[in-house]
Amino acid sequence: GSSGLWLARRSYRSEAWRLRILCFIRDEWRCVDCGWEPEIVRVFREAGLDEPPAAEIVEELRSAFNRGERHLHADHQIPIEERLDLRLVLDNLKTRCDRCHNRKTATEQA
């Protein structure tokens, strides 16, 4: 029934979320195009500290997103529309800030 569909959607979302975090960690929480990074990451890096806990970085990004400020995306290199089979493949994801992500998306749709 519908509960099976809900579980399938939920498991996709949780897998997509897990991959998003792995993408950000692999790319050191930095935009691969312009190098922008969340403030908490920059402060820790400049102080010579290890990376802050992922949960704290994610919370900063979520707050920034909610305020309409700069944040990060796990961007599909090959768009989902072209290759649905690659939507949950880490190698197809790159960390981009929302500005670079929007610019890339606009050129893809042009």
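Predicted model: local features only at pLDDT ≥ 70, side-chain atom pairs only at ≥ 80, totals over all residues.

User: Is aspartate 27 buried or exposed?

Analyst: Buried. Its relative accessible area is 15%, and the cut-off for buried is under 20%.

User: What does aspartate 27 contact, leaving aside its neighbours within four places in sequence?

Analyst: Val32, Lys94 and Thr95. There is also a polar contact of 3.0 Å between the side chains of aspartate 27 and arginine 26.

User: And glutamate 28, where is that?

Analyst: Glutamate 28 is in the loop between helix 1 and helix 2. Its relative accessible area is 45%, so it counts as partly exposed.

User: What about the phi of glutamate 28?

Analyst: It is positive, near 55 degrees, and glutamate 28 is not a glycine. Tryptophan 29 also has a positive phi, about 60 degrees, and is not a glycine either.

User: Where does tryptophan 29 lie?

Analyst: In the loop between helix 1 and helix 2. Tryptophan 29 is buried, at a relative accessible area of 0%.

User: How many aromatic pairs does the structure hold?

Analyst: There is 1. It joins phenylalanine 24 and tryptophan 29, with 5.4 Å centre to centre.

User: Which kind of pair is that, and why?

Analyst: Tilted. The planes are 45 degrees apart. Stacked needs under 30 degrees and edge-to-face needs over 60, so this pair falls in the remaining class.

User: Is phenylalanine 24 buried or exposed?

Analyst: Buried, at 3% relative accessibility.

User: Next one along. Where is arginine 30?

Analyst: Arginine 30 is in the loop between helix 1 and helix 2, and helix 2 covers 39–46. At 23% relative accessibility, arginine 30 is partly exposed.

User: What is arginine 30 in contact with?

Analyst: Leaving aside neighbours within four places in sequence, arginine 30 contacts Gly35, Trp36, Glu37, Arg45 and Thr95. Thr95 is also among the contacts of aspartate 27. The side chain of arginine 30 makes a polar contact with that of glutamate 28, at 3.1 Å.

User: How far apart are the C-alpha atoms of arginine 30 and arginine 42?

Analyst: 9.5 Å. Along the chain, arginine 30 and arginine 42 are 12 residues apart.

User: Switching to cysteines. How many disulfides are there?

Analyst: A search of the whole structure finds 0.

User: Is cysteine 34 buried, exposed or partly exposed?

Analyst: Partly exposed, at 41% relative accessibility. Cysteine 23, by contrast, is buried at 0%.

User: Which residues does histidine 101 contact, leaving aside its neighbours within four places in sequence?

Analyst: His73, Asp75 and Arg96.

User: Zoom out. How many helices and strands does the chain have?

Analyst: 4 helices and 2 strands. Along the sequence, the pattern is α-α-α-β-β-α.

User: How much of the chain is buried residues?

Analyst: 30% of the 110 residues. The accessible surface of the chain is about 7,200 Å², and carbon and sulfur atoms make up 52% of that.

User: What share of the contacts comes from residues 24 or more positions apart?

Analyst: 58% of the contacts in the chain with a separation of 6 or more.

User: Last topic: confidence. What is the mean pLDDT of the chain?

Analyst: It is 90, and 89% of the residues reach 70 or more.

User: Which elements have the lowest and the highest mean pLDDT?

Analyst: Helix 1, residues 2–26, has the lowest mean at 77. Strand 2, residues 93–97, has the highest at 98.

How values were computed
Residues numbered from 1 in each chain as written. Heavy atoms only, no water. Phe/Tyr/Trp six-rings, centres within 6.5 Å; stacked < 30°, edge-to-face > 60°. Buried < 20%, exposed > 50% of the residue type's maximum accessible area, 1.4 Å probe, protein only. pLDDT = per-residue confidence, 0-100. Contact = heavy atoms within 4.5 Å. Polar contact = N/O pair within 3.5 Å; in protein donor to acceptor, adjacent residues only side chain to side chain. Disulfide = S-S within 2.5 Å. Areas by Shrake-Rupley, 256 points an atom, 1.4 Å probe, with all protein chains shown as cover.
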